[in-house]
2 protein chains.
Amino acid sequence: MSWSIAEVARMSKVTSRTLRHYHDIGLLAPARRGANGYRYYEQPQLLRLQEILLLRELGLDLDSIGQIVAGEQDQLSALRRHYGWLQSERERLAEVARTVEDTIRKLEGGEEMTAEQLWNGFDPNSEKARALAAEAEERWGPQVATVNRKVAKWSKEKWAQIQQQYGDASQRIAELMDAGLPADDPQVIEAVDGHFQWLLNFWTPNRQSYAGLGDLYADDPRFAEQLNAVRPGFAEFMRHAMTAYALVRL
Amino acid sequence: MSWSIAEVARMSKVTSRTLRHYHDIGLLAPARRGANGYRYYEQPQLLRLQEILLLRELGLDLDSIGQIVAGEQDQLSALRRHYGWLQSERERLAEVARTVEDTIRKLEGGEEMTAEQLWNGFDPNSEKARALAAEAEERWGPQVATVNRKVAKWSKEKWAQIQQQYGDASQRIAELMDAGLPADDPQVIEAVDGHFQWLLNFWTPNRQSYAGLGDLYADDPRFAEQLNAVRPGFAEFMRHAMTAYALVRL
DNA sequence: CTTGCAGTTGACGTAACGTCAACCTCTAAC
DNA sequence: GTTAGAGGTTGACGTTACGTCAACTGCAAG
(Lines give C-alpha, C1' and ligand atoms only; values in the text may rest on other atoms or scores of the structure.)
Protein backbone atom coordinates (compact mmCIF):
# COMPACT_ATOMS: atom_id res chain seq x y z
CA MET A 1 0.00 0.00 0.00
CA SER A 2 1.46 3.32 -0.99
CA TRP A 3 0.18 6.86 -1.03
CA SER A 4 0.77 9.81 -3.30
CA ILE A 5 2.06 13.07 -1.97
CA ALA A 6 -1.37 14.70 -1.93
CA GLU A 7 -2.87 11.78 -0.03
CA VAL A 8 -0.15 11.92 2.59
CA ALA A 9 -0.58 15.67 2.81
CA ARG A 10 -4.28 15.34 3.50
CA MET A 11 -3.77 12.55 6.01
CA SER A 12 -1.16 14.44 8.01
CA LYS A 13 -2.55 17.94 7.55
CA VAL A 14 0.53 19.38 5.97
CA THR A 15 0.90 20.78 2.47
CA SER A 16 2.48 18.85 -0.35
CA ARG A 17 5.01 21.65 -0.57
CA THR A 18 6.09 20.81 2.96
CA LEU A 19 6.60 17.18 2.05
CA ARG A 20 8.65 18.16 -0.98
CA HIS A 21 10.66 20.46 1.20
CA TYR A 22 11.33 17.66 3.68
CA HIS A 23 12.49 15.55 0.80
CA ASP A 24 14.73 18.34 -0.49
CA ILE A 25 16.48 18.76 2.83
CA GLY A 26 16.73 15.02 3.34
CA LEU A 27 14.42 14.90 6.31
CA LEU A 28 11.89 12.52 4.82
CA ALA A 29 12.47 10.75 1.52
CA PRO A 30 9.57 8.97 -0.19
CA ALA A 31 9.65 5.18 -0.36
CA ARG A 32 10.02 5.29 -4.13
CA ARG A 33 9.43 7.50 -7.10
CA GLY A 34 7.28 6.56 -10.06
CA ALA A 35 8.64 6.49 -13.58
CA ASN A 36 7.03 9.89 -13.97
CA GLY A 37 8.90 11.29 -10.97
CA TYR A 38 5.92 11.13 -8.60
CA ARG A 39 6.72 10.55 -4.94
CA TYR A 40 5.13 7.56 -3.26
CA TYR A 41 5.16 7.05 0.50
CA GLU A 42 4.55 3.89 2.54
CA GLN A 43 3.93 2.95 6.14
CA PRO A 44 7.44 3.58 7.54
CA GLN A 45 7.53 7.04 5.98
CA LEU A 46 4.20 7.87 7.55
CA LEU A 47 5.45 6.84 10.96
CA ARG A 48 8.57 8.89 10.53
CA LEU A 49 6.46 11.82 9.43
CA GLN A 50 4.34 11.54 12.54
CA GLU A 51 7.47 11.61 14.65
CA ILE A 52 8.73 14.64 12.76
CA LEU A 53 5.48 16.52 13.14
CA LEU A 54 5.34 15.74 16.82
CA LEU A 55 8.78 17.20 17.35
CA ARG A 56 7.91 20.13 15.13
CA GLU A 57 5.00 20.96 17.39
CA LEU A 58 7.41 21.17 20.25
CA GLY A 59 9.09 24.00 18.44
CA LEU A 60 12.28 22.23 17.44
CA ASP A 61 13.95 23.27 14.21
CA LEU A 62 14.06 20.84 11.31
CA ASP A 63 17.79 20.40 11.63
CA SER A 64 17.54 19.13 15.19
CA ILE A 65 14.56 17.01 14.24
CA GLY A 66 16.61 15.48 11.49
CA GLN A 67 19.39 14.57 13.90
CA ILE A 68 16.95 13.08 16.33
CA VAL A 69 15.03 10.90 13.90
CA ALA A 70 18.32 9.81 12.36
CA GLY A 71 19.43 8.71 15.80
CA GLU A 72 22.44 11.02 15.69
CA GLN A 73 21.25 12.88 18.74
CA ASP A 74 19.62 11.80 21.90
CA GLN A 75 16.02 12.88 21.91
CA LEU A 76 15.91 13.45 25.63
CA SER A 77 18.95 15.68 25.82
CA ALA A 78 17.81 17.58 22.74
CA LEU A 79 14.49 18.23 24.41
CA ARG A 80 16.17 19.32 27.61
CA ARG A 81 18.30 21.76 25.71
CA HIS A 82 15.28 23.01 23.85
CA TYR A 83 13.39 23.41 27.07
CA GLY A 84 16.18 25.59 28.44
CA TRP A 85 16.12 27.65 25.29
CA LEU A 86 12.38 28.15 25.56
CA GLN A 87 12.75 29.39 29.09
CA SER A 88 15.46 31.89 28.30
CA GLU A 89 13.60 33.10 25.25
CA ARG A 90 10.54 33.60 27.37
CA GLU A 91 12.50 35.57 29.89
CA ARG A 92 14.03 37.69 27.18
CA LEU A 93 10.58 38.54 25.87
CA ALA A 94 9.45 39.40 29.36
CA GLU A 95 12.30 41.85 29.71
CA VAL A 96 11.60 43.41 26.36
CA ALA A 97 7.94 43.68 27.34
CA ARG A 98 8.90 45.48 30.52
CA THR A 99 10.98 47.95 28.54
CA VAL A 100 8.15 48.51 26.11
CA GLU A 101 5.82 49.07 29.00
CA ASP A 102 8.12 51.68 30.51
CA THR A 103 8.40 53.42 27.16
CA ILE A 104 4.66 53.47 26.75
CA ARG A 105 4.26 54.99 30.17
CA LYS A 106 6.82 57.66 29.40
CA LEU A 107 5.05 58.56 26.18
CA GLU A 108 1.67 58.56 27.82
CA GLY A 109 2.93 61.04 30.37
CA GLY A 110 3.65 63.59 27.68
CA GLU A 111 0.96 62.99 25.14
CA GLU A 112 -2.77 63.12 25.23
CA MET A 113 -4.65 60.07 24.08
CA THR A 114 -5.74 60.37 20.49
CA ALA A 115 -8.82 58.80 19.02
CA GLU A 116 -6.68 56.26 17.25
CA GLN A 117 -5.17 55.07 20.47
CA LEU A 118 -8.63 54.26 21.66
CA TRP A 119 -9.65 52.47 18.49
CA ASN A 120 -10.78 49.38 20.23
CA GLY A 121 -12.44 50.94 23.20
CA PHE A 122 -12.16 47.82 25.25
CA ASP A 123 -10.56 49.24 28.31
CA PRO A 124 -12.60 47.47 30.98
CA ASN A 125 -12.59 50.51 33.21
CA SER A 126 -13.84 52.97 30.66
CA GLU A 127 -17.24 54.55 31.11
CA LYS A 128 -18.37 53.08 27.86
CA ALA A 129 -17.35 49.56 28.78
CA ARG A 130 -19.05 49.78 32.14
CA ALA A 131 -22.24 51.10 30.62
CA LEU A 132 -22.28 48.31 28.07
CA ALA A 133 -21.55 45.69 30.68
CA ALA A 134 -24.37 46.85 32.93
CA GLU A 135 -26.79 46.93 30.05
CA ALA A 136 -25.71 43.56 28.81
CA GLU A 137 -26.20 42.07 32.24
CA GLU A 138 -29.69 43.45 32.33
CA ARG A 139 -30.49 42.07 28.90
CA TRP A 140 -28.82 38.70 29.00
CA GLY A 141 -28.66 37.89 32.65
CA PRO A 142 -26.28 35.97 34.86
CA GLN A 143 -24.02 34.58 32.12
CA VAL A 144 -22.79 38.06 31.47
CA ALA A 145 -22.12 38.58 35.14
CA THR A 146 -19.88 35.52 35.08
CA VAL A 147 -17.94 36.88 32.15
CA ASN A 148 -17.62 40.23 33.84
CA ARG A 149 -16.18 38.64 36.91
CA LYS A 150 -13.79 36.61 34.80
CA VAL A 151 -12.44 39.49 32.79
CA ALA A 152 -12.13 41.71 35.83
CA LYS A 153 -9.38 39.40 37.02
CA TRP A 154 -7.33 39.57 33.84
CA SER A 155 -3.90 41.10 34.12
CA LYS A 156 -2.90 44.11 32.08
CA GLU A 157 -0.69 41.82 29.98
CA LYS A 158 -3.66 39.66 29.12
CA TRP A 159 -5.72 42.71 28.34
CA ALA A 160 -3.09 44.09 26.04
CA GLN A 161 -2.85 40.79 24.26
CA ILE A 162 -6.57 40.43 23.75
CA GLN A 163 -6.85 44.01 22.68
CA GLN A 164 -4.22 43.40 20.04
CA GLN A 165 -5.90 40.19 18.96
CA TYR A 166 -9.05 42.19 18.30
CA GLY A 167 -7.12 44.91 16.53
CA ASP A 168 -5.36 42.44 14.26
CA ALA A 169 -8.57 40.65 13.37
CA SER A 170 -10.51 43.78 12.46
CA GLN A 171 -7.51 45.12 10.58
CA ARG A 172 -7.37 42.01 8.41
CA ILE A 173 -11.08 42.13 7.73
CA ALA A 174 -10.94 45.83 6.91
CA GLU A 175 -8.18 45.21 4.40
CA LEU A 176 -10.28 42.62 2.61
CA MET A 177 -13.12 45.09 2.58
CA ASP A 178 -10.76 47.66 1.06
CA ALA A 179 -9.89 45.11 -1.59
CA GLY A 180 -13.55 45.11 -2.59
CA LEU A 181 -14.35 41.56 -1.56
CA PRO A 182 -17.97 40.78 -0.65
CA ALA A 183 -18.73 40.05 2.98
CA ASP A 184 -19.41 36.38 2.27
CA ASP A 185 -16.17 35.76 0.38
CA PRO A 186 -14.28 32.73 1.72
CA GLN A 187 -11.26 34.90 2.51
CA VAL A 188 -13.43 37.23 4.54
CA ILE A 189 -15.01 34.29 6.35
CA GLU A 190 -11.56 33.05 7.20
CA ALA A 191 -10.59 36.45 8.53
CA VAL A 192 -13.78 36.69 10.55
CA ASP A 193 -12.62 33.53 12.25
CA GLY A 194 -9.99 35.72 13.90
CA HIS A 195 -12.76 37.81 15.38
CA PHE A 196 -14.60 34.69 16.45
CA GLN A 197 -11.50 33.29 18.15
CA TRP A 198 -11.08 36.58 19.94
CA LEU A 199 -14.66 36.50 21.09
CA LEU A 200 -14.08 33.06 22.61
CA ASN A 201 -12.07 34.85 25.28
CA PHE A 202 -15.34 36.19 26.58
CA TRP A 203 -18.06 33.70 25.74
CA THR A 204 -18.96 30.98 23.26
CA PRO A 205 -21.45 32.10 20.67
CA ASN A 206 -23.63 29.85 18.57
CA ARG A 207 -25.10 30.57 15.16
CA GLN A 208 -27.85 32.78 16.53
CA SER A 209 -25.87 34.74 19.03
CA TYR A 210 -22.92 35.38 16.74
CA ALA A 211 -25.11 36.74 14.01
CA GLY A 212 -26.96 38.66 16.68
CA LEU A 213 -23.76 40.29 17.80
CA GLY A 214 -23.20 41.30 14.20
CA ASP A 215 -26.58 43.01 14.19
CA LEU A 216 -25.72 44.73 17.43
CA TYR A 217 -22.48 45.99 15.91
CA ALA A 218 -24.37 47.66 13.11
CA ASP A 219 -27.47 48.75 15.01
CA ASP A 220 -26.17 49.96 18.33
CA PRO A 221 -24.69 53.40 17.71
CA ARG A 222 -22.01 52.92 20.38
CA PHE A 223 -20.69 49.80 18.70
CA ALA A 224 -21.20 51.21 15.24
CA GLU A 225 -19.21 54.28 16.11
CA GLN A 226 -16.27 52.17 17.27
CA LEU A 227 -16.30 50.07 14.16
CA ASN A 228 -16.83 52.83 11.67
CA ALA A 229 -13.79 54.54 13.09
CA VAL A 230 -11.76 51.73 11.56
CA ARG A 231 -13.28 52.32 8.14
CA PRO A 232 -16.49 54.03 7.09
CA GLY A 233 -19.08 51.34 6.57
CA PHE A 234 -17.12 48.78 8.53
CA ALA A 235 -19.94 48.10 11.00
CA GLU A 236 -22.34 47.16 8.23
CA PHE A 237 -19.70 45.05 6.53
CA MET A 238 -19.04 43.21 9.78
CA ARG A 239 -22.73 42.51 10.22
CA HIS A 240 -22.87 40.77 6.86
CA ALA A 241 -19.55 39.02 7.32
CA MET A 242 -20.50 37.69 10.74
CA THR A 243 -23.85 36.51 9.45
CA ALA A 244 -22.12 34.71 6.60
CA TYR A 245 -19.63 33.21 9.04
CA ALA A 246 -22.41 32.01 11.31
CA LEU A 247 -24.18 30.33 8.41
CA VAL A 248 -21.11 28.58 7.05
CA ARG A 249 -19.19 27.70 10.16
CA LEU A 250 -21.56 27.56 13.09
CA MET B 1 30.36 68.31 10.60
CA SER B 2 29.86 64.99 8.91
CA TRP B 3 30.89 61.44 9.65
CA SER B 4 31.83 58.50 7.50
CA ILE B 5 29.99 55.23 7.75
CA ALA B 6 32.65 53.61 9.94
CA GLU B 7 32.64 56.53 12.35
CA VAL B 8 28.87 56.39 12.71
CA ALA B 9 29.09 52.64 13.14
CA ARG B 10 31.57 52.98 15.99
CA MET B 11 29.60 55.76 17.64
CA SER B 12 26.32 53.85 17.57
CA LYS B 13 27.70 50.35 18.05
CA VAL B 14 26.28 48.92 14.90
CA THR B 15 28.15 47.53 11.91
CA SER B 16 28.65 49.49 8.73
CA ARG B 17 26.80 46.67 6.97
CA THR B 18 23.77 47.50 9.07
CA LEU B 19 23.93 51.14 8.06
CA ARG B 20 24.18 50.17 4.41
CA HIS B 21 21.23 47.86 4.88
CA TYR B 22 19.19 50.64 6.41
CA HIS B 23 20.07 52.78 3.43
CA ASP B 24 19.08 50.01 1.03
CA ILE B 25 15.66 49.58 2.54
CA GLY B 26 15.15 53.32 2.82
CA LEU B 27 15.14 53.44 6.59
CA LEU B 28 18.05 55.80 6.97
CA ALA B 29 19.63 57.59 4.04
CA PRO B 30 22.96 59.36 4.51
CA ALA B 31 23.00 63.16 4.34
CA ARG B 32 25.06 63.05 1.18
CA ARG B 33 27.37 60.85 -0.84
CA GLY B 34 30.89 61.85 -1.83
CA ALA B 35 32.04 61.91 -5.43
CA ASN B 36 33.62 58.53 -4.65
CA GLY B 37 30.30 57.10 -3.54
CA TYR B 38 31.08 57.26 0.19
CA ARG B 39 28.18 57.78 2.54
CA TYR B 40 28.36 60.80 4.85
CA TYR B 41 26.02 61.29 7.79
CA GLU B 42 25.23 64.43 9.79
CA GLN B 43 23.50 65.35 13.01
CA PRO B 44 19.87 64.74 11.94
CA GLN B 45 20.75 61.29 10.63
CA LEU B 46 22.41 60.44 13.93
CA LEU B 47 19.33 61.47 15.84
CA ARG B 48 17.14 59.43 13.58
CA LEU B 49 19.48 56.49 13.99
CA GLN B 50 19.23 56.75 17.76
CA GLU B 51 15.48 56.67 17.49
CA ILE B 52 15.64 53.67 15.20
CA LEU B 53 17.97 51.76 17.49
CA LEU B 54 15.83 52.53 20.50
CA LEU B 55 12.80 51.08 18.79
CA ARG B 56 14.84 48.16 17.56
CA GLU B 57 15.77 47.30 21.13
CA LEU B 58 12.10 47.10 21.91
CA GLY B 59 11.90 44.28 19.41
CA LEU B 60 9.98 46.06 16.69
CA ASP B 61 10.66 45.05 13.10
CA LEU B 62 12.34 47.50 10.77
CA ASP B 63 9.20 47.92 8.72
CA SER B 64 7.22 49.18 11.69
CA ILE B 65 10.14 51.31 12.78
CA GLY B 66 10.21 52.86 9.35
CA GLN B 67 6.55 53.76 9.55
CA ILE B 68 6.98 55.24 12.99
CA VAL B 69 9.98 57.44 12.26
CA ALA B 70 8.32 58.55 9.04
CA GLY B 71 5.34 59.64 11.09
CA GLU B 72 3.03 57.34 9.16
CA GLN B 73 2.11 55.46 12.28
CA ASP B 74 1.45 56.52 15.81
CA GLN B 75 4.29 55.42 18.00
CA LEU B 76 2.12 54.82 21.02
CA SER B 77 -0.41 52.62 19.29
CA ALA B 78 2.39 50.72 17.54
CA LEU B 79 3.99 50.04 20.89
CA ARG B 80 0.71 48.94 22.38
CA ARG B 81 0.18 46.52 19.56
CA HIS B 82 3.72 45.28 19.93
CA TYR B 83 3.25 44.85 23.64
CA GLY B 84 0.23 42.68 23.00
CA TRP B 85 2.21 40.61 20.55
CA LEU B 86 4.99 40.12 23.06
CA GLN B 87 2.54 38.85 25.63
CA SER B 88 0.89 36.37 23.32
CA GLU B 89 4.22 35.16 22.04
CA ARG B 90 5.36 34.67 25.61
CA GLU B 91 2.28 32.69 26.39
CA ARG B 92 2.73 30.58 23.31
CA LEU B 93 6.25 29.73 24.39
CA ALA B 94 5.01 28.85 27.84
CA GLU B 95 2.54 26.43 26.36
CA VAL B 96 5.14 24.85 24.13
CA ALA B 97 7.44 24.57 27.14
CA ARG B 98 4.74 22.77 29.07
CA THR B 99 4.29 20.31 26.23
CA VAL B 100 8.02 19.76 26.02
CA GLU B 101 8.10 19.18 29.74
CA ASP B 102 5.37 16.57 29.51
CA THR B 103 7.18 14.84 26.70
CA ILE B 104 10.41 14.78 28.65
CA ARG B 105 8.65 13.25 31.59
CA LYS B 106 7.11 10.59 29.42
CA LEU B 107 10.47 9.70 27.94
CA GLU B 108 12.16 9.71 31.31
CA GLY B 109 9.65 7.20 32.56
CA GLY B 110 10.73 4.66 30.01
CA GLU B 111 14.40 5.27 29.62
CA GLU B 112 17.31 5.14 31.96
CA MET B 113 19.48 8.19 32.22
CA THR B 114 22.52 7.93 30.03
CA ALA B 115 25.86 9.48 30.78
CA GLU B 116 25.25 12.07 28.13
CA GLN B 117 22.10 13.27 29.79
CA LEU B 118 24.12 14.00 32.87
CA TRP B 119 26.84 15.87 31.03
CA ASN B 120 26.59 18.91 33.15
CA GLY B 121 26.12 17.24 36.48
CA PHE B 122 24.69 20.36 37.99
CA ASP B 123 21.55 18.96 39.42
CA PRO B 124 21.50 20.68 42.80
CA ASN B 125 20.14 17.62 44.51
CA SER B 126 22.70 15.17 43.25
CA GLU B 127 25.13 13.55 45.65
CA LYS B 128 27.98 15.07 43.77
CA ALA B 129 26.61 18.57 43.94
CA ARG B 130 25.92 18.32 47.63
CA ALA B 131 29.39 17.00 48.34
CA LEU B 132 30.94 19.82 46.36
CA ALA B 133 28.76 22.41 48.01
CA ALA B 134 29.63 21.21 51.50
CA GLU B 135 33.29 21.16 50.69
CA ALA B 136 33.19 24.56 49.07
CA GLU B 137 31.49 25.99 52.09
CA GLU B 138 34.20 24.61 54.29
CA ARG B 139 36.91 26.02 52.08
CA TRP B 140 35.48 29.40 51.15
CA GLY B 141 33.12 30.17 53.95
CA PRO B 142 29.88 32.07 54.20
CA GLN B 143 29.81 33.47 50.66
CA VAL B 144 29.22 30.00 49.37
CA ALA B 145 26.45 29.47 51.86
CA THR B 146 24.71 32.54 50.45
CA VAL B 147 24.97 31.20 46.94
CA ASN B 148 23.67 27.86 48.05
CA ARG B 149 20.66 29.44 49.61
CA LYS B 150 20.08 31.48 46.49
CA VAL B 151 20.22 28.61 44.04
CA ALA B 152 18.10 26.40 46.25
CA LYS B 153 15.23 28.74 45.51
CA TRP B 154 15.53 28.59 41.74
CA SER B 155 12.64 27.11 39.83
CA LYS B 156 13.06 24.12 37.57
CA GLU B 157 12.63 26.42 34.57
CA LYS B 158 15.51 28.56 35.73
CA TRP B 159 17.61 25.50 36.35
CA ALA B 160 16.93 24.14 32.92
CA GLN B 161 17.83 27.46 31.39
CA ILE B 162 21.10 27.80 33.27
CA GLN B 163 21.96 24.23 32.57
CA GLN B 164 21.49 24.85 28.89
CA GLN B 165 23.48 28.07 29.08
CA TYR B 166 26.38 26.06 30.47
CA GLY B 167 25.93 23.35 27.88
CA ASP B 168 25.93 25.84 25.02
CA ALA B 169 29.01 27.62 26.29
CA SER B 170 31.10 24.49 26.72
CA GLN B 171 29.85 23.19 23.40
CA ARG B 172 31.10 26.28 21.62
CA ILE B 173 34.44 26.16 23.35
CA ALA B 174 34.82 22.47 22.61
CA GLU B 175 34.17 23.10 18.92
CA LEU B 176 36.91 25.69 18.81
CA MET B 177 39.20 23.21 20.52
CA ASP B 178 38.25 20.66 17.86
CA ALA B 179 39.20 23.21 15.24
CA GLY B 180 42.71 23.21 16.68
CA LEU B 181 42.69 26.76 18.01
CA PRO B 182 44.99 27.51 20.93
CA ALA B 183 43.40 28.23 24.29
CA ASP B 184 44.36 31.90 24.15
CA ASP B 185 42.93 32.54 20.70
CA PRO B 186 40.61 35.57 20.61
CA GLN B 187 37.75 33.40 19.39
CA VAL B 188 38.23 31.07 22.30
CA ILE B 189 38.38 33.99 24.72
CA GLU B 190 35.11 35.23 23.28
CA ALA B 191 33.56 31.82 23.73
CA VAL B 192 34.85 31.57 27.28
CA ASP B 193 32.89 34.72 27.94
CA GLY B 194 29.81 32.54 27.61
CA HIS B 195 31.09 30.44 30.47
CA PHE B 196 31.90 33.54 32.47
CA GLN B 197 28.41 34.93 31.93
CA TRP B 198 26.99 31.64 33.06
CA LEU B 199 29.11 31.70 36.18
CA LEU B 200 27.72 35.14 37.05
CA ASN B 201 24.50 33.35 37.91
CA PHE B 202 26.30 31.98 40.93
CA TRP B 203 28.95 34.47 41.95
CA THR B 204 31.17 37.20 40.54
CA PRO B 205 34.72 36.08 39.99
CA ASN B 206 37.72 38.33 39.66
CA ARG B 207 40.97 37.66 37.87
CA GLN B 208 42.33 35.43 40.62
CA SER B 209 39.23 33.47 41.39
CA TYR B 210 38.29 32.84 37.77
CA ALA B 211 41.72 31.49 36.94
CA GLY B 212 41.55 29.56 40.19
CA LEU B 213 38.34 27.93 39.09
CA GLY B 214 40.08 26.94 35.90
CA ASP B 215 42.77 25.23 37.94
CA LEU B 216 40.12 23.49 39.98
CA TYR B 217 38.46 22.23 36.80
CA ALA B 218 41.67 20.57 35.72
CA ASP B 219 42.99 19.46 39.10
CA ASP B 220 39.94 18.23 40.95
CA PRO B 221 39.14 14.81 39.53
CA ARG B 222 35.42 15.27 40.04
CA PHE B 223 35.37 18.41 37.90
CA ALA B 224 37.88 17.02 35.46
CA GLU B 225 35.77 13.95 34.92
CA GLN B 226 32.73 16.06 34.05
CA LEU B 227 34.65 18.19 31.61
CA ASN B 228 36.60 15.44 29.94
CA ALA B 229 33.32 13.72 29.21
CA VAL B 230 32.62 16.55 26.77
CA ARG B 231 35.94 15.96 24.99
CA PRO B 232 39.11 14.24 26.10
CA GLY B 233 41.48 16.92 27.28
CA PHE B 234 38.73 19.48 27.65
CA ALA B 235 39.46 20.14 31.33
CA GLU B 236 43.05 21.10 30.61
CA PHE B 237 41.98 23.23 27.65
CA MET B 238 39.49 25.05 29.85
CA ARG B 239 42.15 25.75 32.45
CA HIS B 240 44.30 27.51 29.87
CA ALA B 241 41.40 29.25 28.24
CA MET B 242 40.06 30.56 31.51
CA THR B 243 43.50 31.76 32.55
CA ALA B 244 43.84 33.58 29.26
CA TYR B 245 40.39 35.07 29.67
CA ALA B 246 41.22 36.24 33.17
CA LEU B 247 44.38 37.95 31.94
CA VAL B 248 42.76 39.71 29.01
CA ARG B 249 39.34 40.58 30.32
CA LEU B 250 39.43 40.72 34.07
C1' DC C 1 -10.51 15.10 -27.47
C1' DT C 2 -10.87 18.15 -24.07
C1' DT C 3 -11.22 19.44 -19.39
C1' DG C 4 -9.45 19.75 -14.96
C1' DC C 5 -7.20 18.08 -11.00
C1' DA C 6 -2.83 16.49 -9.35
C1' DG C 7 1.75 15.92 -9.92
C1' DT C 8 6.54 17.71 -11.38
C1' DT C 9 10.74 20.98 -11.20
C1' DG C 10 12.56 25.44 -10.71
C1' DA C 11 12.86 30.06 -8.80
C1' DC C 12 11.73 34.07 -6.08
C1' DG C 13 10.29 36.04 -1.53
C1' DT C 14 10.45 36.40 3.48
C1' DA C 15 13.89 39.50 8.11
C1' DA C 16 17.85 41.46 9.13
C1' DC C 17 21.67 41.48 8.36
C1' DG C 18 26.75 38.32 8.32
C1' DT C 19 30.15 37.13 5.45
C1' DC C 20 32.84 36.77 1.66
C1' DA C 21 34.85 38.57 -2.98
C1' DA C 22 36.73 41.83 -5.92
C1' DC C 23 37.82 46.25 -6.29
C1' DC C 24 38.63 51.35 -5.13
C1' DT C 25 40.24 55.33 -1.96
C1' DC C 26 42.20 57.69 1.72
C1' DT C 27 45.99 58.60 4.95
C1' DA C 28 50.29 58.31 6.90
C1' DA C 29 54.77 56.46 6.90
C1' DC C 30 59.03 55.40 4.51
C1' DG D 1 56.62 58.75 -4.88
C1' DT D 2 55.34 54.64 -3.36
C1' DT D 3 53.32 51.56 -0.45
C1' DA D 4 50.88 49.39 3.30
C1' DG D 5 46.88 49.28 5.86
C1' DA D 6 42.57 50.82 7.13
C1' DG D 7 38.28 51.77 5.35
C1' DG D 8 35.21 52.51 1.57
C1' DT D 9 32.26 50.58 -2.54
C1' DT D 10 28.94 47.26 -4.93
C1' DG D 11 27.26 42.78 -5.58
C1' DA D 12 25.84 38.17 -4.21
C1' DC D 13 25.04 34.18 -1.36
C1' DG D 14 23.44 32.15 3.18
C1' DT D 15 20.30 31.84 6.99
C1' DT D 16 14.48 29.28 8.29
C1' DA D 17 10.64 26.81 6.68
C1' DC D 18 8.22 26.86 3.76
C1' DG D 19 4.30 30.02 0.48
C1' DT D 20 3.50 31.22 -3.92
C1' DC D 21 3.74 31.57 -8.61
C1' DA D 22 5.03 29.77 -13.43
C1' DA D 23 5.36 26.50 -16.84
C1' DC D 24 4.89 21.93 -17.88
C1' DT D 25 3.35 16.85 -17.67
C1' DG D 26 0.15 12.73 -16.28
C1' DC D 27 -4.04 10.68 -15.71
C1' DA D 28 -8.97 9.75 -15.40
C1' DA D 29 -13.58 11.22 -16.65
C1' DG D 30 -17.10 13.21 -19.78
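**A walk through a predicted two-chain model**

The side chains of Arg231(A) and Asp178(A) meet in a salt bridge, 2.8 Å from N to O. A salt bridge here is a side-chain nitrogen of Lys or Arg within 4 Å of a carboxyl oxygen of Asp or Glu. The pair links distant parts of the chain, 53 residues apart. Arg231(A) sits in the loop between helix H11 (221–230) and helix H12 (234–249), and Asp178(A) in helix H8 of chain A. Asp178(A) is partly exposed, at a relative accessible area of 48%. On this scale, buried means under 20% relative accessible area, exposed over 50%, and partly exposed in between (1.4 Å probe, protein chains only).

This is a predicted model, in which local features need pLDDT of at least 70 and side-chain atom pairs count only at pLDDT 80 or more, while totals for chains, interfaces and linings use all residues. Residues are numbered from 1 along each chain as its sequence is written, chains are lettered from A and ligands numbered from 1 in the order in which they are written, and side-chain values use heavy atoms, with hydrogens and water left out.

Now chain A as a whole. Chain A has twelve helices and three strands. These are DSSP runs numbered from the N terminus: helices are H or I with at least four residues, strands are E with at least two. Of its 250 residues, 44% count as buried. Take the contacts in chain A between residues at least 6 apart in sequence: 57% of them join residues at least 24 apart. Contact means heavy atoms within 4.5 Å.

Back to charge. Side chains of opposite charge can pair when their charged atoms come close. The whole structure holds 21 salt bridges over all chains. One of them joins Arg249(A) to Glu190(A), with the closest N and O atoms 2.7 Å apart. Arg249(A) lies in helix H12 and Glu190(A) in helix H9 (residues 186–199) of chain A, so this pair ties together parts that are 59 residues apart in sequence. Both ends are partly exposed: Arg249(A) at 37% relative accessibility, Glu190(A) at 45%. Salt bridges with shared partners also join Asp215(A), Asp219(A), Glu236(A) and Arg239(A) into one network.

A local pair sits within helix H5 of chain A. Glu89(A) and Arg92(A) both lie there, three residues apart, about one turn of the helix. Their closest N and O atoms are 2.9 Å apart in a salt bridge. Glu89(A) counts as buried at 18% relative accessibility, whereas Arg92(A) is partly exposed at 46%.

Aromatic rings come next. The structure holds ten aromatic pairs over all chains. Tyr217(A) and Phe223(A) have ring centres 5.3 Å apart and planes at 40 degrees, so the pair is tilted. Rings of Phe, Tyr and Trp (its six-membered ring) pair if their centres lie within 6.5 Å; planes under 30 degrees apart count as stacked, over 60 as edge-to-face and the rest as tilted. Tyr217(A) is buried at 2%, and Phe223(A) is buried at 14%. Ring pairs also link Phe196(A), Tyr210(A) and Tyr245(A) into a cluster.

Now turn to the interface. Chain A and chain B bury about 4200 Å² between them, 65% of it on carbon and sulfur atoms. Buried area is the accessible area (1.4 Å probe) that two parts lose on being put together, summed over both. Arg80(A), Tyr83(A) and Arg90(A) supply 16% of the area that chain A buries against chain B, more than any other three residues. The contact takes 42 residues from chain A and 42 residues from chain B. Two salt bridges cross the interface. Arg81(A) forms a salt bridge with Asp168(B), at 3.0 Å between the closest N and O atoms. Helix H5 (75–110) and helix H8 (156–178) of chain A each supply at least two residues of the side that touches chain B. H5(A) gives the largest share, 27 residues.

Finish inside chain B. His195(B) lies in helix H9 (residues 186–199) of chain B and is buried at 2%. Leaving aside neighbours within four places in sequence, its contacts include Tyr166(B), Tyr210(B), Tyr217(B) and Met238(B). His195(B) and Met238(B) are 43 residues apart in sequence and 10.0 Å apart in space, C-alpha to C-alpha.
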